[in-house]
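Load the model in your viewer and colour by secondary structure.

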Amino acid sequence: MTKLVNKLAVAQAFGRAAATYDNFSALQRISGDYLLSRLAGREFGQVLDAGCGTGWFSRRWKEQGSRVTALDLSAKMLSHAREQQAADSYLAGDIEALPLGNEAVSLAWSNLAVQWCGDLRRGLSELYRVTRPGGCVAFTTVAAGSLPELHAAWQAVDARAHANEFLSPEEIEAACEGWRASLYVERVTQRFPDVMSAMRTLKGVGATHLHEGRKSSLMTRRQLQRLSLAWPQRDGAFPLSWQLVCGVIERD
């Protein structure tokens, strides 16, 4: 359940995406809405938005009357959230080493961020640590089985890895061992008119970055043509499928 993650490179990748992130963040909103549905009817006075990005869900919690602390690894993302007045306070920090005291919040919320942890158990343990008894940790993450269309298309072009490898739902469940956790698997498919639209979305949310570091290279016209031919199409559209895990851990 551990992997090599270049945190500086991750922060830089998302920093580059900050200005246009909200234009491409449909998946983040879908996953966050799934997670909100698992917390329906519950109220939380103090919320930590860990991996807040541009602060989309920080604003949602703030509008519901919670006092929100927005935290992100990327200074540029955090700056964008501050400009939008998305939260009540802002912290630069790493989910695996949260700059908060024990039992500081009633909800530790993290939407599509813990997949960037080098050790998922450590990241979740930190979220659990800063949550008060009676509160909860609520998270979403990308799981293995995501982006099969992207993998299949690139196999026709070269032998390099062009997307991250993610933990399986079983490994994510194992990372929650010993806690009162409820996990839900959701399958989401986005559809695009062409390959470039799909790739722009991945780049626009920082998701073309590999865990171990950035592998930047311009796509040639020939590569694009081969990708378009190899991409498994559905009804004339170019799909991107994601397997998401939504988790709610009750803080005892």
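Select helix α2 and show its neighbours: the buried residues of α2 pack against α3 (56-63), β4 (105-111), β5 (131-142), β6 (180-192) and β7 (238-250). Those buried residues are L27, Q28, S31, G32, L35 and L36; buried means under 20% relative accessible area with a 1.4 Å probe, protein chains only. Packing is judged by contact, that is, heavy atoms within 4.5 Å.

This is a predicted model, where local features need pLDDT of at least 70 and side-chain atom pairs pLDDT 80 or more, while totals for chains, interfaces and linings use all residues. Residues are numbered from 1 along each chain as its sequence is written, and side-chain values use heavy atoms, without hydrogens and water.

Now select the whole protein. Nine helices and seven strands are assigned, as DSSP runs (helices H or I, at least four residues; strands E, at least two) numbered from the N terminus. The C-alpha atoms fill a box of roughly 55 × 40 × 35 Å along the principal axes. Of the 252 residues, 53% are buried. Among contacts between residues at least 6 apart in sequence, 78% join residues at least 24 apart.

Conventions: Buried means under 20% relative accessible area, exposed over 50%, partly exposed in between (1.4 Å probe, protein chains only).
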